[in-house]
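The sequence and the model are shown first, and the description follows.

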Amino acid sequence: MNATRFAPIISSLLMVTLGAVPALQSQEVIELPGRDRRIDAEFEEVYRVGVLDGESWEMFARITKVAFDAAGNLYVFDGTPGAGRSGEVRVLVFDGGGGFLREFGSSGGGPGEFNRPVDFAVLRDGTVVVSDAGHRAYQLFDATGSFHRFVRARSEPDGVPVLGQRIHPDPRGGAVFAFAGNRVGIAASSLMGGLRGLMGGDPTVPPMSRPVLRVELDGEVVHTDTVVKGWLPRRGDLDDQVPNDAPAQIRDMLGTMKMPAIFEPALLVGVLPDGGIVHSDSSAYALKVTPPDARGIARILRRPLRPEPLTPAIERDYRQRTAAAREGLGRATTGLRMLEFRQRGDGNRPQSTTNVEIEESYYHEIPVLRSLVTTWDGRIWVQRRGEEPGSDGPIDVLTAGGEYVGTYPASATELPDAFGPDGLAAFIELDEFDVARVVVRRLPAEVR
């Protein structure tokens with residue numbers, strides 16, 4: 001069996017994320033108020049798309065991501081469950097009033113077809129960028145939806161893993177920012193050592209940080225530049241936890257990996273309108289602002305909100321809830337992390353799946369922050385944890401300059417899935433029949 005044919009997938013039960021506190025240099029530190037100032041979620045609905053029964057362009061299978069261009073057009077990336085490995089994947093475009101404009105893309109191995117797409121981004125001029133692991137390239141589509149060209153990954157060891165990361169568009173055009181974030185691209189971030197081995201790199205050299213890369217798309221081959229180095233916490237080796245009955249190729253791969261701990265803080269990243277980066281890699285409330293083309297953090301925004309220490313009661317509750325979820329899926333084990341390895345089939349053998357269980361480890365505290373997004377005009381929306389570990393809480397709205405605008409109370413609004421021009425914000429929702437739809441609303445001026 002050829003180890004290079006394995007594609008590691010983390011079970012959906014493992015919404016595990018990454019991070020911690022780096023050493024601070026001589027940056028400007030802005031202390032924000034500790035008391036919340038409430039703001040109300042008074043959003044004007046502009047339109048909604050997605051129905052149970054209708055035309056093919058208004059019935060979605062599974063919406064994986066949405067985005068806007070500078071004209072206010074909405075892009076919906078839709079695919080069947082398992083999209084990126086099997087099933088159809090497509091891009092649908094709607095105008096500023098929700099009218100259908102066009103659809104493009106399908107699964108396949110040719111130019112303009114998606115072959116294990118990982119993530120998508122829309123540049124402000126309407127160029128669509130698809131990070132496509134199967135093609136070992138970024139695919140670029142022009143503003144009409146026509147395939148434009150490939151930007152191939154380099155043949156060096158670090159050339160291909162970047163395709164497995166989450167991407168954000170550079171507002172200046174011509175590039176995307178790539179990083180191993182939470183929730184999306186988790187396999188690339190937590191299993192990077194093993195993935196390097198699969199893709200021809202040196203799996204014995206663990207990553208020393210969690211970088212944010214600017215990926216230039218002007219040439220024929222990917223060129224990257226590190227713009228931020230997020231802190232990477234120390235992790236335990238898996239050598240002693242690999243089951244003896246696991247296939248030799250999987251044992252060799254897992255022996256080079258370092259897994260993130262449960263509750264480990266995420267690398268959260270947002271892109272500012274000038275191309276600067278705001279990120280958090282800490283369990284505390286600390287947002288770091290890096291100006292465009294800078295080589296270091298210029299400003300840190302902090303609130304006096306502390307992470308919650310991990311207690312035996314929290315760990316016990318987490319194990320019980322995880323066990324209940326696994327029982328619902330026919331897996332009664334607890335305290336174990338399930339890794340699933342899929343070997344793609346060919347004409348002589350079918351696809352096969354191997355499950356490996358690894359003992360869970362826990363980070364020593366629960367991070368304050370859970371998610372971070374930036375608006376079209378540069379506001380920073382950051383979601384804090386809720387009352388229960390792993391739950392969503394209030395949403396703070398800030399500026400990169402250190403102004404605290406206010407806080408949406410918990411459950412007042414979801415975090416938008418995309419921001420657009422003129423205060424547009426898109427929310428991916430499920431209706432009462434679990435039908436996927438996108439609701440576009442307009443935000444008040446002070447939070448755009």
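## Aromatic rings and cores

Phe77, Phe104, Phe114, Phe120, Phe141, Phe147 and Phe150 form a cluster that is linked by ring pairs. The model described here is a predicted one. In total, the structure contains 17 aromatic pairs.

One of these pairs joins Trp57 and Phe100, which is stacked because the ring centres are 5.0 Å apart and the planes meet at 10 degrees. Trp57 belongs to the loop between β3 (44-49) and β4 (63-68), while Phe100 belongs to strand β7 (residues 100-104), so this pair ties together parts that are 43 residues apart in sequence. Trp57 is partly exposed, at a relative accessible area of 25%, and Phe100 is likewise partly exposed, at 31%.

Phe114 and Phe141 pair in another geometry: with ring centres 5.9 Å apart and planes at 75 degrees, the pair is edge-to-face. Strand β9 (residues 113-114) holds Phe114 and strand β12 (residues 137-141) holds Phe141, so the pair ties together parts that are 27 residues apart in sequence. Phe114 is buried, with a relative accessible area of 2%, and Phe141 is buried with a relative accessible area of 2%.

| Charged residue | Ring | Distance to ring centre |
|---|---|---|
| Arg124 | Trp376 | 3.8 Å |
| Arg152 | Phe150 | 4.1 Å |

The largest nonpolar core has 19 residues, of which Val278, Tyr285, Leu287, Leu369, Ile380 and Leu398 touch the most other members. At least two residues of this core come from each of β20 (286-290), β26 and β27. A second, separate core of 17 residues includes Phe68, Leu92, Phe94 and Trp376. Beyond its neighbours within four places in sequence, Leu369 contacts Leu268, Ser280, Ala284, Tyr285, Leu287, Val382, Gln383 and Arg384.

Thr375 is found in the loop that runs between β26 (369-374) and β27 (379-385). Its relative accessibility is 4%, so Thr375 counts as buried. A polar atom of the Thr375 side chain lies 3.1 Å from the backbone nitrogen of Gly378, and a polar atom of that side chain lies 2.9 Å from the backbone nitrogen of Arg379. Apart from neighbours within four places in sequence, Thr375 is in contact with Trp381, Phe419, Val447 and Arg448.

For the protein as a whole, there are 4 helices and 32 strands. Of its 448 residues, 52% count as buried. The protein exposes about 19600 Å², with carbon and sulfur atoms supplying 48% of it.

Terms used. Residues numbered from 1 in each chain as written. Predicted model: local features only at pLDDT ≥ 70, side-chain atom pairs only at ≥ 80, totals over all residues. Heavy atoms only, no water. Buried < 20%, exposed > 50% of the residue type's maximum accessible area, 1.4 Å probe, protein only. Polar contact = N/O pair within 3.5 Å; in protein donor to acceptor, adjacent residues only side chain to side chain. Contact = heavy atoms within 4.5 Å. Core = buried A, V, L, I, M, F, W, Y, C linked by side-chain atoms within 4.5 Å. Areas by Shrake-Rupley, 256 points an atom, 1.4 Å probe, with all protein chains shown as cover. Phe/Tyr/Trp six-rings, centres within 6.5 Å; stacked < 30°, edge-to-face > 60°. Lys NZ or Arg CZ within 6 Å of the ring centre and 35° of its normal.
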